[in-house]
Amino acid sequence: MQQAIPYKSWPLPLHTNTGHTQQSFTLLNDTNQSLVSPKAVLKPTEDMLSMVSESAVIVFARRGCCMGHVVRRLLLGLGVNPALYEVDEKDEGAVIKELELIRNGKDGKVQFPAVFIGGSLFGGLDRVMATHISGDLIPILKDAGALWL
Amino acid sequence: MNSPSAQFVTSRRIGVYDPIHQIGMWGENFKSNSNLNASASLIVEDVKLDSQSQDASHGTEGPSNQYDQEATKPTDKVQRRLAQNREAARKSRLRKKAYVQQLETSRLKLIQLEQELERARQQGLYIGGGLDAGHLGFSGTVNSGITTFEMEYGHWMEEQNRQICDLRNALNAHITDIELRMLVESGMNHYFELFRMKATATKADVFYMMSGMWKTSAERFFLWIGGVRPSQLLKVLGPQLNPMTKQQSLDVLNLEHSCQQAEDALSQGMERLQQTLADTVAAGQLSEGSCNRQMTNAMEKLEALRTFVGQADHVRKETLQQMLHILTIRQAARGLLALGEYFQRLRALSSLWATRPREPA
């Protein structure tokens, strides 16, 4: 039975089994339920900022969105365990605004699903796919400490 | 022209009420004889009476029969037979009338379609590009976005065949790399053009794109989210690119692997979408009949389908471009040629299959 993992108290790195990395913490428990409700996190902007900067990889997606699922499956398939922040429809606008504030250097509108790697906005599904096909995604993930070996 | 009686004799010899034969007779008479109804009904009645007694042929009763006591029973039987026969003939006439009306309507429709086709041909449009005989767009409403796409696809295919020929000739003629590069770039741009066309058509009808309706049947067998599976293509074409350097072989293998991973992620997303859509449609009690809300929610979910087709094409495009990075110009030219020929073969297979001799039913 998986225990609920409180955020900010995750020791890094956790395990380094060959091929299976648990470097980034996750806001989801084993049954994929959000442990932290968006409301609790949204109020202080700092929490979102620290969430982003402390995760090697974090994905912001609309709740139940299939494209968010695609991004997550792709990253999982590479051996990365990305943090996932599911956004309710009513919180969408607010979350986007905050993400744009902490985007850390990337231009353009923030759209869901939005992927942050190594603390800065990487892009959406388009960019993730293109970077993966060109073979550049894995080195970037390794640099950010999301992948070992 | 054959006289009705001669045709009737043939039918009589067969001894069965042969509807096809009847239709043939009706059809020919219709063309050249305005007395169709009269002569045809005679034929019908005569055939019907083939097994009946001769004197009952025109539905008249013989008054002489009534005087004979012993003949009363036969008279009744005869009269009953006459009545039944009249009834059957009447029903047959009605059926024939309905059938002829149906034929008339279809004939008019056919003339209309032929006229449209002729008009379109004269304007230089190409209808029916890669479509088999089997595809007939039964959507009811005319979707101009799809019609446009099919027309443009026809042109695209013609251009594609030309480019394949050019590539083949160029490689055999050992032209310079610079000239080859131009051909390769044309080829690549041509594929990018197809992706653009698909993007526009997806807005018109995503289900059409998802079902690969513009493709031939053998191509459709390999369908994955509205197109080919990049990893599969790489597996097929990889060996055709030899000789390659070790590094190139490794790069192609890695690319194949990356495609596989991207495809898996998209496929899993699709499964999720299917599940979500199924749940949305089935929301509430199925036995209560559908309500607006389920339909509205379901429609929203379907919007996501367009994104999937877009993403799948994005992966295909990126794969093409990555191959261009990995290969030399000459290898790329050979690769494009192989790709084009592979699809030509698949299309030929579709035609062969469509025209294969059918087993007798």
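I started at B:Gln260, which is found in helix H10 of chain B. Helices here are DSSP runs of H or I with at least four residues, strands are runs of E with at least two, and both are numbered from the N terminus.

**Ground rules.** I noted that this is a predicted model: local features need pLDDT of at least 70, side-chain atom pairs count only at pLDDT 80 or more, and totals for chains, interfaces and linings use all residues. Residues are numbered from 1 along each chain as its sequence is written, chains are lettered from A and ligands numbered from 1 in the order in which they are written, and side-chain values use heavy atoms, with hydrogens and water left out.

**B:Gln260.** I looked up its accessibility. B:Gln260 counts as partly exposed, at 27% relative accessibility. The cut-offs are under 20% relative accessible area for buried, over 50% for exposed, and in between for partly exposed, with a 1.4 Å probe and protein chains only. Then I looked for its contacts, meaning heavy atoms within 4.5 Å. Leaving out residues up to four places away in sequence, B:Gln260 touches B:Arg229, B:Ser231 and B:Lys235. I also checked B:Gln232. B:Gln232 and B:Gln260 are 28 residues apart in sequence, with 8.6 Å between their C-alpha atoms.

I recalled the background: an α-helix has 3.6 residues a turn, so residues three or four places apart point the same way.

**Chain B overall.** I stepped back. Chain B has twelve helices and zero strands. Of its 361 residues, 35% count as buried. Among chain B contacts with a separation of 6 or more, 75% come from residues 24 or more positions apart.

**H6 against H11, chain B.** The axes of H6(B), residues 177–204, and H11(B) come within 10 Å and cross at roughly 175°. That makes the two helices roughly antiparallel. Axes are lines fitted to C-alpha atoms, for helices over the stretch in contact, with angles from 0 to 180 degrees between N-to-C directions. Under 35 degrees counts as roughly parallel, over 145 as roughly antiparallel, 65 to 115 as roughly perpendicular, and the rest as oblique. On the H6(B) side, the contact residues include B:Met188, B:Phe192 and B:Phe195. On the H11(B) side, they include B:Arg306, B:Asp313 and B:Leu320. I sorted this contact by class: eight nonpolar, two polar and six charged. Ala, Val, Leu, Ile, Met, Phe, Trp, Tyr, Cys and Pro count as nonpolar, Asp, Glu, Lys and Arg as charged, and the others, Gly among them, as polar.

**H6 against H12, chain B.** Here the axes come within 9 Å and cross at roughly 40°. H6(B) and H12(B) are therefore oblique to each other. Among the contact residues are B:Leu180, B:Val184 and B:Gly187 of H6(B), and B:Ala332, B:Leu336 and B:Gly340 of H12(B). The class count is nine nonpolar, two polar and three charged.

I kept the background in mind: most residues other than glycine have a negative phi, and most peptide bonds are trans. B:His174 has a positive phi, near 55°. B:His174 sits in the loop between H5 (144–173) and H6 of chain B, and it is exposed, with a relative accessible area of 65%. B:Ile225 also has a positive phi, near 40°. B:Ile225 lies in the loop between H8 (217–221) and H9 of chain B, but counts as buried at 8% relative accessibility. I also found cis peptide bonds. One joins B:Asn242 and B:Pro243, with omega about 5°. B:Pro243 is in the loop between H9 and H10 of chain B. Another joins A:Phe112 and A:Pro113, with omega about -5°.

**Helix H5 of chain A.** Last, I checked H5(A), residues 125–133, where seven of nine residues are buried. Its cover includes H3 (66–77) and H6 (137–143) of chain A together with H10 and H11 of chain B. Just after H5(A), A:Gly135 takes a positive phi of about 85°.
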